[in-house]
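Hi,

Here is the structure I promised to pass on to you. Please open it alongside this note, and my findings follow below.

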Amino acid sequence: EAMFSPEAYALAEGLVSKAYINQGSQATARRSKLVTSLLSERRLPKDGWDDHSIESFLSEAAMMDSNNFLDNVGVGEREARVYSPLVARRHWNLAHGIGRSGDVAAEQPKAAGSSLLNKLTNLLVADAMRIAGLEDMGPALVLPLATGMTLTLVLLAVKSKRPKTATKVVWCRLDQKTCVKAVLSAGLELVVVSPKLVGDQLCTDLDAVRAAVEAAGPSNVCCVVTSTSCFAPRAGDACSDVAKMCAELDIGHVVNNAYGVQATALCKEVTRAWRRGRVDAVVQSTDKNFMVPVGGAVVCGGKGNTEVVDAVRKSYPGRASISPVLDLLITLLSMGSDGWSRCLQDRRDVYGYMREKLGECVGEFGERLLDTPGNPISIGVSLETHAKLSEDGDVSFFGSMLFSRCVSGTRVVAPGKRQDVGGVVFDGFGASHDAYPVPYFTAAAALGTTREDVDRFCAQLRKCFKDFRKKAAKRGRAEDGDALDAAADRLAGVNLGNS
């Protein structure tokens, strides 16, 4: 549309009726106003844009990059040359990437359009996170790295601000391999603090965190890593209490908020943390929170402490891919603030619906929901009754039974598993506890989950429970038959001996 200048419209009237050209020019002007409003307000539009408006905006932005200049002559070693037209179209001809070697958010002289899109994405995602409940937040930084690698960069940035002796990371245990590997990849030593069991729920052991820091010596601790979003029965960490402790002990504090943006309660806990104490950086995933392909993360902090976020921005080596940034920008423009708010509310509603329907379903088979009020996303379901029916109490294959019925995302955890992760050995791995008392599985009411998903899940779950019991009964009959055969053999042996 930008190719139509006022002069071009006037000339077009010599070919098509003036009334029709005026109507067409008004339509294109309407789309132009969307861009003007976006650039002036620098926040999510209230209503999501239609696809054509988004495509037009990206196409015009791409024309501002040097590789798309009509008269450009590129003789450098990096001129955004793309061999395949298919690849070029896939990336909207945006091939320069973002940032420069000194700063991943810096402008690129050859790529004004890409630089503009990158800066807008950082502004829009910050607005989306504010709507979700992260108040008093500083600037957001979108990186084209998934959560684990972003955590490593953040830990390296925190490490650069700490004494050289500060090589330990006190980590509130959360049984996923990512955070362990992130710490080890940063060349730091992991100190694991297990949560405490309160009823069904695993909660932050604040006394144990303090004891671990004091045992290592605060000057030898790089930071404490807490987590918000996690698998039930673990609750989100008491980030605000840890933040106060870190401020008191003068040590770093990194929050792994991987998929916590979608839960208002978790956002409010992060807000309390940086208001009341020390939070150096918070890391969140783009795919889990905004429904885009895997490959991006957002780093932020409270508006009163942006030092580490700035350090991450300036320490990113080389240029970066614009692809995850572009995915996020397109999605946020498509949602608008109203659409994003609806997504958040729908997820809250589905969480309540899932607890209700899942509770009814598993109750039919002698199981129960685990009581985990500190986890607003993940729901745990006991498998204690079925463990008694299975051979050796093993219920780990229950997950494969669900997966074979096209149910993905559940996690079955049976006590007793030992796991080595990068040289760190965990007992009871998967449960975030050495000896969680019951086997269980989890399901999540995450962003994008629908009531229809819940209904279909419960239907398949009922089938799995029934099949599980049938197999157990069949195995029981077979074992009874084996026992009878053995008794008959013994009796036959006795009779032969007597004869």
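Buried residues make up 49% of the 499 residues in the chain, where buried means under 20% relative accessible area, exposed means over 50%, and partly exposed is in between (1.4 Å probe, protein chains only). Please keep in mind that this is a predicted model, in which local features need pLDDT of at least 70, side-chain atom pairs count only at pLDDT 80 or more, and totals for chains, interfaces and linings use all residues. Residues are numbered from 1 along each chain as its sequence is written, and side-chain values use heavy atoms, with hydrogens and water left out.

On the overall layout, the chain has 16 helices and 14 strands; these are DSSP runs numbered from the N terminus, with helices being H or I of at least four residues and strands E of at least two. The C-alpha atoms fill a box of roughly 120 × 60 × 45 Å along the principal axes. Of the contacts (heavy atoms within 4.5 Å) between residues at least 6 apart in sequence, 74% join residues at least 24 apart.

Next, a helix pair. Helix 5 (residues 112-132) packs against helix 13 (residues 323-363) at an angle of about 25°, and their axes are 9 Å apart. Axes here are lines fitted to C-alpha atoms, for helices over the stretch in contact, and angles run from 0 to 180 degrees between N-to-C directions. The crossing of helix 5 and helix 13 is left-handed, that is, the near helix is turned anticlockwise from the far one by less than a right angle (clockwise would be right-handed). Among the residues that meet are Leu117, Leu124 and Ile131 in helix 5, and Leu329, Trp340 and Leu344 in helix 13.

Helix 5 also holds Asp127, which counts as buried because its relative accessibility is 8%. A polar atom of the Asp127 side chain lies 3.0 Å from the backbone nitrogen of Leu44. Leaving aside residues up to four places away in sequence, Asp127 touches Arg43 and Leu44.

Now for the charges. Side chains of opposite charge can pair when their charged atoms come close. A search of the whole structure finds 26 salt bridges, each a side-chain nitrogen of Lys or Arg within 4 Å of a carboxyl oxygen of Asp or Glu. Here are some of them:

- Asp50 and Arg31 form a salt bridge at 3.0 Å, N to O. The pair links distant parts of the chain, 19 residues apart, with Asp50 in the loop between helix 2 (18-41) and helix 3 (51-62) and Arg31 in helix 2. Asp50 is partly exposed at 35% relative accessibility, and Arg31 is partly exposed at 28%.
- Glu307 and Lys161 form a salt bridge at 3.6 Å, N to O. Glu307 lies in helix 12 (residues 307-315) and Lys161 in helix 6 (residues 147-161), so this pair ties together parts that are 146 residues apart in sequence. Glu307 is partly exposed at 47%, as is Lys161 at 43%.
- Arg278 and Asp280 form a salt bridge, with their closest N and O atoms 3.0 Å apart. Asp280 is buried, at 4% relative accessible area.

Best wishes

Definitions and conventions. A polar contact is a pair of N or O atoms within 3.5 Å; within protein, one must be able to donate a hydrogen and the other to accept it, and residues adjacent in sequence count only if both atoms are side-chain atoms.
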